[in-house]
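Here is a short note to read alongside the model, written for someone meeting it for the first time. Please keep the sequence and the 3D view open as you go through the points.

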Amino acid sequence: MAAERHACAVAAEYFATQPFDGSVMAALVDALPAGAHLFVGNSLPVRHLDQFGAVRPTPLHVYANRGRQRHRRRHPSALGVAAHPGVPTVLAIGDVSFIHDLNGLLAIRQLGLRNVTIVLFNNDGGGIFRRLPVARLEPAFTPLFLTPHGLDFAHAAALFGLAHRRCTDLSTFADTLRAAMTAPDPTILEVRTDSAEDLVHQRAVVRRIVETEE
């Protein structure tokens with residue numbers, strides 16, 4: 001417990017001046033109301049949740065798809081969770097995963113869901129692969145693993161009749177998320193980040209936690 005408190009304190013201090021994907025996930029967990037449902041994508045989002053999601057004094061229901069089919073059907077799984085009336089549901093997902101399962105968003109209209117917010121981490125590709133040795137191999141890495149797409153997800157929101165907001169100031173993410181969760185229509189909250197910078201910050205905060213541990 002002492003190690004947990006130390007890690008959370010050091011991470012929070014780092015997040016205050018160096019916002020990145022991990023700090024956004026920490027802010028997301030902290031901003032959710034008691035009893036909310038959080039469905040997490042399986043690549044970087046679930047890893048950031050595991051590393052930087054601090055212990056909460058109030059309950060939170062967390063879901064994720066793992067195993068053989070982990071790269072598919074996340075949208076329908078999360079929307080099935082959201083079918084529980086009156087309980088806010090947030091799907092935190094990366095851009096590549098979002099693209100793979102895009103047609104699942106149709107269920108929002110089919111089920112008449114209103115309590116859904118999708119936090120879309122858009123770092124223009126498969127940032128998770130920057131953590132693997134293949135990241136040192138170019139030209140193979142960028143076109144075959146990182147797979148940058150350059151897509152504008154506002155069009156996806158419009159296609160399925162969803163509200164769309166971009167969060168460019170990560171320091172105000174929590175306020176933007178709360179506004180999205182209380183909006184009258186389901187919202188895609190797109191968070192633009194840089195996967196290369198994210199990896200630098202992730203390693204830096206972990207190193208700081210280790211170096212300052214007594």
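1. Let us begin with histidine 201, which counts as buried because its relative accessibility is 14%. Here buried means under 20% relative accessible area, exposed means over 50%, and partly exposed lies in between, with a 1.4 Å probe and protein chains only. Histidine 201 lies in helix H10, which covers residues 195-211. Leaving aside residues up to four places away in sequence, histidine 201 touches Tyr14, Gln18 and Phe20; contact means heavy atoms within 4.5 Å.

2. A word on the basis of all this: the model is predicted, so local features need pLDDT of at least 70 and side-chain atom pairs count only at pLDDT 80 or more, while totals for chains, interfaces and linings use all residues. Residues are numbered from 1 along each chain as its sequence is written, and side-chain values use heavy atoms, with hydrogens and water left out.

3. Alanine 204 is also found in helix H10. With 16% relative accessibility, alanine 204 counts as buried. The C-alpha atoms of alanine 204 and alanine 11 are separated by 9.9 Å, and these residues are 193 apart along the chain. Helices (H or I, at least four residues) and strands (E, at least two) are DSSP runs, numbered from the N terminus.

4. Next, the second largest pocket, which has a volume of about 340 Å³. Of its 20 lining residues, Cys8, Ala11, Phe52, Gly53 and Ala54 are the closest to the centre. Two or more lining residues come from each of helix H1 (2-17), helix H2 (21-31), helix H3 (44-52) and H10, and H1 gives the largest share, 7 residues. The lining has 14 nonpolar, 2 polar and 4 charged residues. In this scheme Ala, Val, Leu, Ile, Met, Phe, Trp, Tyr, Cys and Pro are nonpolar, Asp, Glu, Lys and Arg are charged, and the others, Gly among them, are polar.

5. How many cavities of 30 Å³ or more are there? The count is 1, and the largest cavity holds about 30 Å³ of space. Its lining is made up of Leu44, Gly127, Arg130, Arg131, Ser195, Asp198 and Leu199, with H10 giving the largest share, 3 residues. On a 1 Å grid over the protein atoms alone, a cavity is a set of points where a 1.4 Å probe fits but cannot get out; a pocket is an open set with protein on both sides within 12 Å along at least five of seven lines; and lining residues have an atom within 4 Å of a point. Points are joined across faces, edges and corners, and a volume is the space filled by probe spheres set on them.

6. Now to strand E1 (residues 37-40), where His37 and Phe39 point one way, Leu38 and Val40 point the other way, and all are buried. E1 pairs in the parallel sense with strand E2 (residues 61-64) over 4 bridges; two strands pair if DSSP finds at least two bridges between them. Histidine 37 stands opposite histidine 61 in E2. From E1 the chain crosses through H3 to E2 in a right-handed β-α-β crossover: with the strands pointing away from the viewer, the path from the first strand over the helix to the second runs clockwise. E1 also runs parallel to strand E3 (residues 89-94), joined by 4 bridges.
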